[in-house]
2 protein chains.
Amino acid sequence: MLESHYSDIRSLEVFAAMDDDQFEALMRGSYVQNFPPQIELISEGEPSDFLHIVLSGSVDLFSSWNGRETSMATIHPISTFILAATIKDAPYLMSARTLEKSRVVLIPSQDVRAIFMRDAEFARAIVGELAQCYRTAIKSTKDLRLRTSLERLANYILRQQKRAGGSAKIELLTEKRRLASYLGMTPENLSRAFKGLVPYGVTVNGNRIHITDQEDLERFAKPSPLIDDYRT
Amino acid sequence: MLESHYSDIRSLEVFAAMDDDQFEALMRGSYVQNFPPQIELISEGEPSDFLHIVLSGSVDLFSSWNGRETSMATIHPISTFILAATIKDAPYLMSARTLEKSRVVLIPSQDVRAIFMRDAEFARAIVGELAQCYRTAIKSTKDLRLRTSLERLANYILRQQKRAGGSAKIELLTEKRRLASYLGMTPENLSRAFKGLVPYGVTVNGNRIHITDQEDLERFAKPSPLIDDYRT
DNA sequence: CTGAAGCATTGACATTTATCAATCGTGTCT
DNA sequence: AGACACGATTGATAAATGTCAATGCTTCAG
């Protein structure tokens, strides 16, 4: 693998504290590949052969059952995904597909596990990462169980606004059909939900969202750090 | 703390491999307490002062938002809970209450974090535990997103049956109102869902569930190891 | 420029789920 | 035994969400 990405990857929390030699070893065994959009990188149920890192582009994690499909999360650069399956040497619970042209690092799971056993700093870093993933999953479950679809959309908009710096005008970076799936509803209902937010100070035009009444929206959405703050 | 529980706790996967001295140190700083039923042990949002271990009885993890409440999981002996919050030194995302008279070990979170930094074996064991928790959370999200309430109930019954050894007659160990909350529905709908399963070979009488047609139920429930097998 | 493809939107309708109120059943206390 | 408390069930109704079909709007290839 080209050394040009080393520093980017190294700056990830999971790899930051580990031993130099171990990191080199990990990188030497890994591959970097470019994928076109809509390529299925992994399929749920398969053994976890590689730990993945998105360097550029974006990746959708989704799951299927009985002919239905749901989008579980979107991975943006630079981050790893399916770390838990790699560590436990267990089958993937989600499938992954590129949303756009993406550059992805593949690190053989065996190597990750071997170095996990050797390098205590690496092990500790993985603890931090997994705890984060777990807590994010719990938050997402709370979002789903405690809120209606309208409330989920309202809070999603507020989260995106925060990520974008707090401006009253933000842009949707995902297709609406995928956003609908992510929010646990149909595209038709997402359309209606956007209309349902007009009384609370939200207007939509294509990908542009305009928050005309921040206070009103927040009063309706009732965002909570225990659900909506993905950093803690 | 009394030494009589040491071996029980030590046999937990998280504590099994760690250094003897470190384990002793952890135990020396911890408390064992007996709680009556319906006591709120922790509240979401609070700082995570203690790692908890249920020795006997059972504990319900639940969350609230905007006046609504949902049961997230039930903890049975012997297991830890809220490990992620302890390790990250972050606020609890869920509240916990005893369901029955319960014996609980409280280990100061500071001690856990200190020993986590010192003992590499402990750190690795925590990785295993967190990966497990994460994967269980993902499975539960898939259950919720991909299945109707009737399907969730059907699969719940099959999981309980497996846990109970596979007999055609099993007993519900939880109140129906709490089961309803856990399955993401109202008690009224749980009643109707049980009736809705009669055509697929399930009859209910109080706490007793009788699976009269195993094949039919499985054909309807379509259980999947990627959702319903909590061990992998 | 034009047509085809694909997503988004809308309306009508069906299904699922929640809510409210009443009733039933069971166990407990006196 | 009788009264009470409490969860479970039932029925009627409302609200939320999904489905289907038709239409609108962009984008992009030819």
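**The surface near DNA strand C**

Modeller: The surface near DNA strand C comprises 1 nonpolar, 6 polar and 8 charged residues (nonpolar: Ala, Val, Leu, Ile, Met, Phe, Trp, Tyr, Cys and Pro; charged: Asp, Glu, Lys and Arg; polar: the others, Gly among them). This is a predicted model, in which local features need pLDDT of at least 70 and side-chain atom pairs count only at pLDDT 80 or more, while totals for chains, interfaces and linings use all residues; side-chain values use heavy atoms, with hydrogens and water left out. Residues are numbered from 1 along each chain as its sequence is written, and chains are lettered from A and ligands numbered from 1 in the order in which they are written.

Of the 15 residues around DNA strand C, those that come nearest are A:Lys176, A:Ser191, A:Arg192, A:Lys195 and B:Asn189 (near: a heavy atom of the residue within 4 Å of the molecule or strand). A polar backbone atom of A:Arg177 is 3.2 Å from a phosphate oxygen of DNA strand C. For A:Ser191, a side-chain N or O atom lies 2.8 Å from a phosphate oxygen, and a polar side-chain atom of B:Asn189 is likewise 2.8 Å from one. Two or more residues each come from helix H8 (176–182) and helix H9 (187–196) of chain A, and from helix H9 (187–196) of chain B (helices, H or I, of at least four residues and strands, E, of at least two are DSSP runs, numbered from the N terminus). H9(A) provides the largest share, 4 residues.

The two chains also meet each other. In chain A, 58 residues are in contact with 57 of chain B (contact: heavy atoms within 4.5 Å). Together the chains bury about 4900 Å², 69% of it on carbon and sulfur atoms (buried area: accessible area, 1.4 Å probe, that two parts lose on being put together, summed over both). A:Trp65, A:Leu93 and A:Arg145 supply 18% of the area that chain A buries against chain B, more than any other three residues. Across this interface there are 4 salt bridges (a side-chain nitrogen of Lys or Arg within 4 Å of a carboxyl oxygen of Asp or Glu). In one of them, A:Arg68 pairs with B:Glu151, with the closest N and O atoms 2.8 Å apart.

Within chain A, the side chains of A:Asp228 and A:Arg147 form a salt bridge at 2.8 Å, N to O. A:Asp228 lies in helix H11 (residues 225–228) and A:Arg147 in the loop between helix H6 (120–146) and helix H7 (149–163), so the pair ties together parts that are 81 residues apart in sequence. Both A:Asp228 and A:Arg147 are buried (buried: under 20% relative accessible area; exposed: over 50%; partly exposed: in between; 1.4 Å probe, protein chains only). In chain B, B:Asp228 forms a salt bridge with B:Arg147, the closest N and O atoms being 2.8 Å apart. B:Asp143 also meets B:Arg147 in a salt bridge, at 2.7 Å, N to O. B:Asp143 counts as buried at 7% relative accessibility, and B:Arg147 is buried at 4%.

Key:
Polar contact = N/O pair within 3.5 Å; in protein donor to acceptor, adjacent residues only side chain to side chain.
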